[in-house]
Amino acid sequence: MITCLKKNVLLAATVLFVQSLKSQTSIQQYQNVKFSQVEINDKFWRPKIDKVSTVTIPVCIDQTEVKTPRIRNFEIAAGKRKGKFEGIFYDDSDVFKALEAIAYSLKNRPDPMLEKKADEWIDLITAAQQKDGYINTYYSLQFPEKRWTDMSMHEDYNGGHLIEAAVAYFDATGKRKLLDVSIKFADHFASLFGPGKKHWVTGHQELELALVKLFVTTKNDKYLKLADWLLSERGHKYAKGYTWSDWKDTAYAQDLKPVKEQKEITGHAVRAMYMYTGAADVAALTGDKGYVKAMEDVWEDVVYRNMYITGGIGSAGRNEGFSTDYDLPNESAYCETCASVGMVLWNQRMGMLTGESKYIDVLERSLYNGALDGISLDGSQFFYGNPLASVGSNARRDWFGTACCPANIARLIASLGNYIYGSNKDGIYVNLYVGSNTAISVGKQQVPLTMKTNYPWDGNVQLTLSPSKKTSFGLRLRIPGWANGEAVPGDLYRFEDTSVAPFTVKLNGKEVSYKREKGYLVLQREWKKGDVVELTLPMDIKRVISRPEVTENIERVALQRGPLVYCVESTDNNGKAWNLILPLNASLTTVEKTVLSEPVISIQGPAPRFTVSSDGSNITTETKQIVAIPYYTWANRQKSEMQVWLPTKIKDVRVNR
C-alpha cells in the first residue's frame, strides 16, 4: 500500500514537471552563428588561433598522453594495458576538454595527423565505457561499487565535458562515435536520476549546460528536461558528499537556495559560471521567467560588486571563488582562468537570452583581459590565477596538478567563432569586432558577410554584405559601453573623464541614419550585394577609478584603451613597477611596441619615479617616461613586478627595518 502510494506520488511529480516544461516556449532573442561557419582571418586573433593549433594543443596532448597518466587510465580501463588508476578523480575531464579544443582546431586548421590522434583517443574512450553507459576511470578501475555515491566526486562534471567534446567533434568532423558514447552516458544517467527517480545535486556543475548542447544536437527533449531537473534539485538539502558533509559549505556549490531564488553570487567561481550558463540555456529554450529573474539578479551582484576591471572573478584562493562584496584585492587576486572562461560562456548566453549588449560588453572584457592573460604569447605556458599586481613572484607554468585551465583556454580561443555573430529571423547581430568571413541565414536568405578590422588596436570596422538578391533585415552593431563613456555596466568602475568622443557609421561611404536598441546601433533597410558599412569607434586612453568600497584602489587609477586593460611591468620600466605615481594630469600617448613577437599599442607618458640612494639614506624623485602594456601580455619575458592600479599620489612611505 505504502509502496503503491509512493509510486503514485512520484508519477504525479513527474507528470507535473514534464507538463510545466512543455507549457513554456523559447524566449531566446537570437542564436549564435557557430564557429564552424566563421573563418577568422584578422591579425590579432588568427595568430592566436593558429598557436593553439600548433603549440597549445600539442602541449596538451604531450601532458595528457606522455607526461601524466590520463590516457594511460583509459588504456587500462579499455583493457589495452595492465596497471592501476593514477592521478586525481577529475582527470578524465582534461582529456575531454583537450578533445573539444582539437575539434575546434580541426575546423580552423585541418590536420589529418591531429584528427588521427583524436580518433585514437576516441577509440580508447569508447572501449573504456561500460556496458550500461557509465564512464569514469577513477571509479571503474578502483571502486566500481561506489559509483554515484558521492555527489562531490565529479562523475557528472567529467560526463558533461565528455558531452561537450562529443558535440564539438560531431559538428567539426561529422563523426558520431564519441557522440554515441556521450548519448549512452547521458541515457545511463537519466536511467538513475530525474523526476520520480533518485535525487542528484551536481557537485561541480557542468552537466547542466552540456545536456542542453546534447538536446540541441539530437533534438531529444529528454536532455533539456534533465538539465532543468538538475537545476531544480539545488537548495533542498538533497546533496550528499564530502563538499557538504566535510566542508559543511552549501554556498560553495551554490546550494544554499533553489536556483530561481538566488540573488547573490556565492562559492566557487567556476562552478557558479557553469551552473548559471546552464540556467540561462534552459531559460532561453523553455521560456522559464524564474530562471531569467534569478540570472539577472545574480549577474548584477557579480558585475556591480564582485568583478575585477579585467573581467576576472573569484578573489579568494581559499574557495577559488567569492568572498564579500567589494573584496577585490590586487596582489592576492585569485581570478582563475577557468572562471574568466566561464564569464565568457555565461555572458554569451545572457546576451542571446535578452538581446542586450551589456552582457557582450562584459564578455569582451573577460575575453580580452581575464581569460587571454591565462595563456602565454607563445601558447606554451599558462596562468591558473591571474593577479592584478605582483612583486615579481608570479610566473607562468608548463602545466598544473589540477590542469583544468590549459585545455579550457585552448578550447575558448579555438572556438572564438562562436562569439562573433548572432542571428534571428529579423536580422544579424555583430557582437565582437574580429576580422572574419561568414554566411548567415536571415529567414530563408543566406547573407555572406565579410568583416575587416585591426581591432582592438584601432576602432575602424568595415562590413561588406552580399546577399544574392535584395533582402530587408536589421543589422545590429554593438556599440561597446566604453565607447559610450561607461567603463562597465553598473558603477563599480567609472571613467575619471566622463566626456565621450563620438563614433561614426557610414553606408557605402555616406553617413546614414540609425536607431539605438539595447546597446546596438540598428540599420534597418533593404540590403543589396556589395553594401559596405563602416563603423569607427573612438580609441581614447581612459583612466578608470573604482567605487570607494574597493579600498585597495582608493586614489589609484587603471588605464584602458578600447576593450584592453593595461598594466605597468618592471621589464619596460627600468626594473621597477612599484616606485611611481601617475598623477591625474599626466599626459599620455599611444606608441607602437612589441612584447616578444606580439605587436601592441603601448601607453606612455611622463610620471614621477622614486629612487633610493645607494647608501639607503634618502629618496629622490624625478620625472621619467613610463610604459604601460596590455595586461594580457605581462609575465611573458621574465619574472617581473607589475601593477594594474597605479597610485595617483603619495600617501605613505614604508621604511625597511
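Author: Helices here are DSSP runs of H or I with at least four residues, numbered from the N terminus. This is a predicted model, in which local features need pLDDT of at least 70 and side-chain atom pairs count only at pLDDT 80 or more, while totals for chains, interfaces and linings use all residues. Residues are numbered from 1 along each chain as its sequence is written, and side-chain values use heavy atoms, with hydrogens and water left out.

Within α9, the buried residues (under 20% relative accessible area, with a 1.4 Å probe and protein chains only) are L207, E208, L209, A210, L211, V212, L214 and F215. These buried residues pack against α7 (155-173), α8 (177-192), α10 and α12. Just beyond the helix, K219 takes a positive phi of about 65°.

Of these neighbours, α12 (residues 269-286) packs with α9 (residues 207-218) at an angle of about 35°, their axes lying 7 Å apart; axes are lines fitted to C-alpha atoms, for helices over the stretch in contact, and angles run from 0 to 180 degrees between N-to-C directions. From α9, the contact (heavy atoms within 4.5 Å) draws on E208, L209, V212, F215 and V216, and from α12 it draws on Y274, T277, G278, D281, V282 and L285. Seven of the residues in this contact are nonpolar, two are polar and two are charged, where Asp, Glu, Lys and Arg count as charged, Ala, Val, Leu, Ile, Met, Phe, Trp, Tyr, Cys and Pro as nonpolar, and the others, Gly among them, as polar.

Helix α12 also meets α10 (residues 221-232), with axes that come within 10 Å and cross at roughly 130°. That angle makes α10 oblique to α12, since angles under 35 degrees count as roughly parallel, over 145 as roughly antiparallel, 65 to 115 as roughly perpendicular and the rest as oblique. The crossing of α10 and α12 is left-handed, meaning that the near helix is turned anticlockwise from the far one by less than a right angle. On the α10 side this contact uses L224, A227, D228 and L231, and on the α12 side M275, G278, A279, V282, L285 and T286; together they divide into seven nonpolar, two polar and one charged.

After α8 comes G194, whose phi is positive, near 140°.

L114 counts as buried because its relative accessibility is 10%. Leaving aside residues up to four places away in sequence, L114 touches I57, I61, I102, S105 and L106, while V55, 59 residues from L114 in sequence, lies 12 Å from it in space, C-alpha to C-alpha.

Terms used:
Helices (H or I, at least four residues) and strands (E, at least two) are DSSP runs, numbered from the N terminus. Buried means under 20% relative accessible area, exposed over 50%, partly exposed in between (1.4 Å probe, protein chains only).
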